[in-house]
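Have the viewer open as you read.

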Amino acid sequence: MQPDAKMKFGRVDLEVTAFGFGTAPVGNIFREIDEETSDNMFQTAWKSGVRYYDTAPMYGHGLSELRTGHSLRWKNRDDYVLSSKVGRVLKPARKQDIDYAPWTNAGRFKVNFDYGYDGTMRSFEDSLQRLNLERMDICFIHDIDRFTRGDEQPEVFKQAMDGCWKALLELRDQGVVKAIGVGVNEWQVCHEALKQRDFDCFLLAGRYTLLEQESLNEFLPLCEERGAAVVVGGGFNSGILATGAIEGAKYNYAPAPADIMGKVSRIETVCAEFGVPLPAAALQFVVAHPAIPSFIAGTRTVEQLQKNLDWFSHPIPVEFWSELKAKGLLREDAPTP
């Protein structure tokens, strides 16, 4: 698989590159990235043929959108695809009055959840201004999952299926966005949203990986049936599929449990047998599914980005995937490259 491969975006009149550039890190999550490093990553991705960029108001309290707009401002607008999100409205505030965690030295905005019609329209317009763009190609309703909202999730979901949905339909009809969807951490939420509303697409973080294929049961087949595209982020399950089963390895933002460590170790044994880097297998597996046109990777340095690009195009023999299935390390019905 090549990073610059153009993939049809479900039923929508869009093509995205198989490798997408994720911008959460340039929002200064956990630690700061300087302006030069941020821009260098954008330009490196561009020179490598990457033409899909994903951002959100949440990332760095607006900083990610500002940096994305800055780095893409002289590119031909028709040459790339950009997605952002709604569900949060940013309001200007003094830095000393803002709780930034987990972001560092981020934008001068307080973040407020808002899934109503008016809030969605405000969020969308504000994003275009931070991005310095006249349109957004893809817009996701952000974080209406239990992982983010806890016990409030059922009510938040209902609000979004009413307010956000109505606003995004109007924006799509106006032509300022081409595809509308939901971006969350749980495939079950995406599945329920698709059953209730005719969404074009989804952004799913970490729930379809070498370690997790439960979404093959119901969600991904429904996406194929309805022509809904699924963009996947978090393909390393927050770390362990990049680092391997080392001491302190992270799985879904926490220390990896023993069973996950054991499974990854067994996958690594097969990787060693075929000379395949574990991260290369993790990246390429995701985009083999016919409903998944793009994998989004977020990086902190140009070197990390270049590694991801190299892994994405690393040759992997067909026999490697067959061996994973033969050893029970991958579902038999999981599509492979």
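A residue counts as buried under 20% relative accessible area, as exposed over 50% and as partly exposed in between, using a 1.4 Å probe and protein chains only. By that rule valine 230 is buried, with a relative accessible area of 0%.

A word on ground rules. This is a predicted model, in which local features need pLDDT of at least 70 and side-chain atom pairs count only at pLDDT 80 or more, while totals for chains, interfaces and linings use all residues. Residues are numbered from 1 along each chain as its sequence is written, and side-chain values use heavy atoms, with hydrogens and water left out.

**Around valine 230**

Valine 230 is part of strand β11 (residues 229–233); strands here are DSSP runs of E with at least two residues, helices are runs of H or I with at least four, and both are numbered from the N terminus. What does valine 230 touch, leaving aside its neighbours within four places in sequence? Taking contact as heavy atoms within 4.5 Å, the list includes Phe202, Leu204, Phe219, Cys223 and Ile292. Leucine 220 is in contact with valine 230 too: the two are 10 residues apart in sequence and 8.2 Å apart in space, C-alpha to C-alpha.

**Rings**

Rings of Phe, Tyr and Trp (its six-membered ring) pair if their centres lie within 6.5 Å; planes under 30 degrees apart count as stacked, over 60 as edge-to-face and the rest as tilted. The count by this rule is 19 aromatic pairs.

| Pair | Centre distance | Plane angle | Class |
|---|---|---|---|
| phenylalanine 21 and phenylalanine 42 | 4.7 Å | 45 degrees | tilted |
| tyrosine 208 and phenylalanine 285 | 5.1 Å | 25 degrees | stacked |

Phenylalanine 21 sits in strand β3 (residues 19–22) and phenylalanine 42 in helix α1 (residues 35–47), so this pair ties together parts that are 21 residues apart in sequence.

Tyrosine 208 is buried at 1% relative accessible area, and phenylalanine 285 is buried at 0%.

Some rings also carry a charge over the face, meaning NZ of Lys or CZ of Arg within 6 Å of the ring centre and within 35 degrees of the ring normal. Arginine 51 does this for tryptophan 46, at 3.7 Å from the ring centre, and arginine 149 does it for phenylalanine 113, at 3.8 Å.

**Where α6 meets α7**

On the α6 side (residues 187–196), Trp187, Cys190, His191, Leu194 and Lys195 make the contact; on the α7 side, the partners are Phe219, Leu222, Cys223 and Arg226.

Alanine 101 and proline 102 are joined by a cis peptide bond, with omega about 5 degrees. Proline 102 falls in the loop between β6 (88–92) and β7 (109–113). Aspartate 143, in the loop between β8 (138–142) and α4 (146–149), has a positive phi near 60 degrees without being a glycine, and is buried at 6% relative accessibility. Asparagine 252 is not a glycine either, yet its phi is positive, about 50 degrees. That asparagine 252 sits in the loop between β12 (250–251) and β13 (254–255) and is partly exposed, at 27% relative accessible area.
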